[in-house]
Amino acid sequence: MALSSSYLLTGMPAPTTFSSCALETEQGRHLFRVVGYSQQRERNMSSGIFIVGGHRWALSLAIYEALPDHIFVALVLCDDVVAKKVQASYELNLVDHRTGLSLCVHKEAPMTYDTQSDDPSSRVSGHVKRRSVFESPNYLHDDCLTVECIVTVILEKKIPETKLLPRIEVPPYDIAGHFGKLLETSEGVDVTFSVDGVKFTGHKVVLAARSLVFKAELYGPMREAGTEPIVIKGMQPDVFRALMHFIYNDSLPPLDDLEADDYMEMVRHLLVAADRYAMERLKLMCQSILCENLGVQTVATTLALADQHNCDKLKDACIEFMASVMDAVMTTQGYMNLKRTCPSVAFEALEKTSRIHKAH
């Protein structure tokens, strides 16, 4: 994802907004208790009227002579006045009298109920189920049967709401300029590092003051007395140079000469280095930049990185971004890699994006 020109010129990203399109629904639950089931099953058993989504509904159970071993179940739209067409789905459950738990016996996909039609069947959604299911001892007790009906009415399409992309605020720093010149002049240096063959010098007291990990390595039980230079493994020289610049200046070094992709790759490596040396401010700065530059092709890779290095705010931002473009993200190589290497994180993302969609 290319960096905006305003970021390169001012260091501050231009505000980014996003929106999502979702159907607005209203859901209602009705319990229909049939008392004296054996005496009523030969006739139509209808519930009382209940309201969901501003519309009147009723549940009907009936046994027909043509199908004596089955029960015909119907959800009926009972609106008195002619109105526009209504879209709704419903779920039918039987309630276990011992545990209070429900068993789903039918789910009806959204259908259109037409109050403007002269055909009564246009207001009814019906299906046939075996009587043996309803008359199981678990659900028919003392000749009483409790049926649960959950109706979901699809309302008017919600106008997409535009929001600002989540941003992570970075606290102000007050150390810039105090120690930066020490790194430039190398005056008073007392420690040398070797990173992939490249030598770097520094001041133990500055490094220890800025990083508890450096403090433990240079002054604590972890130190290797008399060992010079200290070899840094698993890090590129450019990344260590940028890390040292931050330690002495409390800011990122100028990286204007890097292409956008290389810049973002450097930020990712710096986040790993910040986590390695317990430098929380640098870690937050890297998260903020990654958060501001989330894109379809990179968000899954950034999510994996955030999970590996305990970046909870960045992780939440990735999942919120993915919720609006999940179909596109799932086709990227980054998402394929995420599923292979971090299946639990991929599952968590799908689960949270599903909850976000339902909330909208």
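Modeller: A residue is called buried under 20% relative accessible area, exposed over 50%, and partly exposed in between, with a 1.4 Å probe and protein chains only. The model is predicted: local features need pLDDT of at least 70 and side-chain atom pairs count only at pLDDT 80 or more, whereas totals for chains, interfaces and linings use all residues. Residues are numbered from 1 along each chain as its sequence is written, and side-chain values use heavy atoms, with hydrogens and water left out.

Colleague: How many helices and strands are there in the protein?

Modeller: The protein has 14 helices and 15 strands. These are DSSP runs numbered from the N terminus: helices are H or I with at least four residues, strands are E with at least two.

Colleague: Is the protein a compact globule or more spread out?

Modeller: More spread out, because its radius of gyration is 32 Å, well over the 21 Å that the globule rule gives for 360 residues. The radius is taken over C-alpha atoms, and the rule is 2.2 Å times the number of residues to the power 0.38. Along the principal axes, the C-alpha trace spans about 100 × 45 × 35 Å.

Colleague: What percentage of the 360 residues is buried?

Modeller: Buried residues account for 42% of them. The accessible surface is about 19700 Å², and carbon and sulfur atoms contribute 53% of that. Those areas come from the Shrake-Rupley method with a 1.4 Å probe; for residues, only the protein chains shown count as cover.

Colleague: And which share of the contacts joins residues 24 or more positions apart?

Modeller: Among contacts with a separation of 6 or more, 67% are of that kind. A contact means heavy atoms within 4.5 Å.

Colleague: Changing topic: how many aromatic pairs does a search of the whole structure find?

Modeller: Five aromatic pairs are found. One of them is tryptophan 57 with tyrosine 113, an edge-to-face arrangement at 5.1 Å centre to centre and 85 degrees between the planes. Rings of Phe, Tyr and Trp (its six-membered ring) pair if their centres lie within 6.5 Å; planes under 30 degrees apart count as stacked, over 60 as edge-to-face and the rest as tilted.

Colleague: Which strands hold tryptophan 57 and tyrosine 113?

Modeller: Tryptophan 57 sits in strand β5 (residues 55-62) and tyrosine 113 in strand β8 (residues 102-113), so the pair links distant parts of the chain, 56 residues apart. Tryptophan 57 is buried at 0% relative accessible area, and tyrosine 113 is also buried at 0%.

Colleague: Why is the pair of phenylalanine 214 and tyrosine 277 called stacked?

Modeller: Because the ring centres of phenylalanine 214 and tyrosine 277 are 4.4 Å apart and their planes lie at 15 degrees. Phenylalanine 214 is in helix α6 (residues 212-219) and tyrosine 277 in the loop between α8 (260-276) and α9 (280-292), so the pair ties together parts 63 residues apart in sequence. Phenylalanine 214 and tyrosine 277 are both buried. One aromatic cluster is formed by Phe193, Phe200, Phe214, Phe240 and Tyr277.

Colleague: Back to β5: how many of its residues are buried?

Modeller: Seven of the eight residues in β5 are buried, which leaves the strand mostly covered.

Colleague: Over how many bridges do β5 and strand β6 (residues 70-77) pair?

Modeller: They pair over six bridges, in the antiparallel sense. Two strands pair if DSSP finds at least two bridges between them. Across this pairing, serine 60 stands opposite alanine 74 in β6. Strand β3 (residues 45-46) also pairs with β5 in the antiparallel sense, over two bridges, and methionine 45 faces leucine 61 of β5. Strand β4 (residues 50-52) is antiparallel to β5 over three bridges, where valine 52 has histidine 55 as its bridge partner.

Colleague: How many residues lie between β4 and β5 in the hairpin?

Modeller: Two residues lie between them, and glycine 53 in the turn has a positive phi of about 65 degrees.

Colleague: Where is aspartate 142 found?

Modeller: Aspartate 142 is in the loop between β10 (140-141) and β11 (144-157). Its phi is positive, about 55 degrees, although it is not a glycine. Aspartate 142 is exposed, at 62% relative accessible area. Alanine 278, likewise not a glycine, has a positive phi of about 55 degrees and is found in the loop between α8 and α9. At 37% relative accessibility, alanine 278 is partly exposed.

Colleague: Last one: why is α9 largely enclosed by the rest of the structure?

Modeller: Because eleven of the 13 residues of α9 are buried, including Leu282, Met285 and Ile289.
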